[in-house]
Amino acid sequence: MQTGKLPLALLDKLLAKIEVTDPDVILGGATGEDAALIDIGDRYLVSKTDPITFVTDLIGWYLVQVNANDIAVMGGTPRWLMATLLLPEHTNEETVENIFAQLREACTKLGVTLVGGHTEVTKNVYRPIAVGAMLGEVEKERAVFTSTAEPGDRIVLTKGIAVEGTSILAREAACKLENSGISQATIQKARSMLFTPGISIVEEARIACEVTDVHAMHDPTEGGISGGLVEMAHSASVGFVVHEESIPILPECKEFCEVLGLNPLGLIASGALLVTMPASGVSTFVHATAQQGIKAYEIGQVTPPDQGMKISTSKGLRDFPTFARDELARWFDE
């Protein structure tokens, strides 16, 4: 199989065979949903695990952010993290110390407690692999699902695309980008996107839950905005139409993708939040996020399932582009 996420159809088949008999499991494994929910009395425990496999630079920082994001889009507050680090045999002590420092710093910034995990050196990996298991909490009435997007909802995207993918390319493909004529200043700016605007969506997810009637939230990670929208539509059994000119593609992302032959719609997109809400809530959300220095854009709307997944372009309505795997994974394999 190719690197990247499993195909949705295969994942559906695998998850359908898992029998959940514990009544305290409110939400178990489901395609499109970002985390599990477990009833612990007066609230839900939000549980998530996610690995970092594309990058080694700042791997500890990435690990905290992507796991916290998936807690936040369920309406939850990230609280506790366990981290597993698998390190190749040539790893030195300085590298391990740096990763632990990244974990500590990122956890402190988000108010997360690092409660344990596992670390080992193994001959079975050729570069560091990090896997996080994060727990959070959410009040029962405030839990948000991907599967509850409704026809008529407006689709809103924060920051732009693709923050994470652009930052990774700036770090992993710097020589090729510079040799193609892209300035060092542009590459350096893209590298810093990990922090500015940042790949955390915890703040905008919190704002959405506080100021609007959120119907669904999703974190478009691997597979980009395309993968995120497809997963949301699949989970909620809906369609959507997105307006091409409304999708905020970051200038650096567009420039990098043109040089490397990638499509920004399929590029790993942590840092952006997908939200669906009634049309009446959009302006309130856009204003509230702007007050915190976060841009938000209405990019389309949810439609009935029989209308399919579409993109409105200058040449008319077309099927929304989908990708067998993330464009970054494809680039790494070339």
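Trainee: In which helix is Val-230 found?

Mentor: The model is predicted, and local features need pLDDT of at least 70, side-chain atom pairs count only at pLDDT 80 or more, while totals for chains, interfaces and linings use all residues. Residues are numbered from 1 along each chain as its sequence is written, and side-chain values use heavy atoms, with hydrogens and water left out. Helices (H or I, at least four residues) and strands (E, at least two) are DSSP runs numbered from the N terminus. The run that covers residues 224-236 contains Val-230 and is helix α8.

Trainee: Is Val-230 buried or exposed?

Mentor: A residue is buried under 20% relative accessible area, exposed over 50%, and partly exposed in between, using a 1.4 Å probe and protein chains only. The relative accessible area of Val-230 is 15%, so this residue counts as buried.

Trainee: Which residues does Val-230 touch, not counting those up to four places away in sequence?

Mentor: Contact means heavy atoms within 4.5 Å. With residues up to four places away in sequence not counted, Val-230 touches Leu-8, Phe-240, Met-309 and Thr-322.

Trainee: What is the relative accessible area of Glu-231?

Mentor: Glu-231 also lies in helix α8. Among the residues that Glu-231 touches are Lys-5, Leu-8 and His-218. Glu-231 is buried, its relative accessible area being 12%.

Trainee: How many salt bridges does a search of the whole structure find?

Mentor: Side chains of opposite charge can pair when their charged atoms come close. A salt bridge is defined as a side-chain nitrogen of Lys or Arg within 4 Å of a carboxyl oxygen of Asp or Glu. The number of salt bridges found in the whole structure is twelve.

Trainee: How many residues apart are Glu-137 and Arg-43?

Mentor: These two residues form a salt bridge, and the closest N and O atoms of Glu-137 and Arg-43 are 2.5 Å apart. Glu-137 is in strand β6 (residues 129-139) and Arg-43 is in strand β3 (residues 43-52), and the pair links distant parts of the chain, their separation being 94 residues.

Trainee: Which residues are linked with Glu-137 in a network of salt bridges?

Mentor: Glu-137 is buried at 16% relative accessible area, whereas Arg-43 is partly exposed at 29%. In the network of salt bridges, Glu-137 is linked with Asp-42, Arg-43 and Arg-79.

Trainee: In which strand does Arg-154 lie?

Mentor: Arg-154 forms a salt bridge with Glu-298, the closest N and O atoms being 3.3 Å apart. The pair ties together parts 144 residues apart in sequence, because Glu-298 lies in strand β11 (residues 296-303) and Arg-154 in the strand of residues 154-158, strand β7.

Trainee: Is Glu-252 buried or exposed?

Mentor: The side chains of Glu-252 and Lys-189 meet in a salt bridge of 3.1 Å, N to O. Lys-189 lies in helix α6 (residues 184-191) and Glu-252 in helix α9 (residues 251-260), so parts 63 residues apart in sequence are tied together. Lys-189 is partly exposed at 48% relative accessibility. Glu-252, at 9% relative accessibility, counts as buried.

Trainee: Which residues make the nonpolar surface patch of about 330 Å²?

Mentor: Patches are made of residues with over 30% relative accessible area and no salt bridge; like charges are joined within 9 Å, nonpolar side chains (Val, Leu, Ile, Met, Phe, Trp, Tyr) within 5 Å. Accessible areas come from the Shrake-Rupley method with a 1.4 Å probe, and for residues only the protein chains shown count as cover. Leu-6 is partly exposed, with a relative accessible area of 36%. The patch is made by Met-1, Leu-6 and Leu-14.
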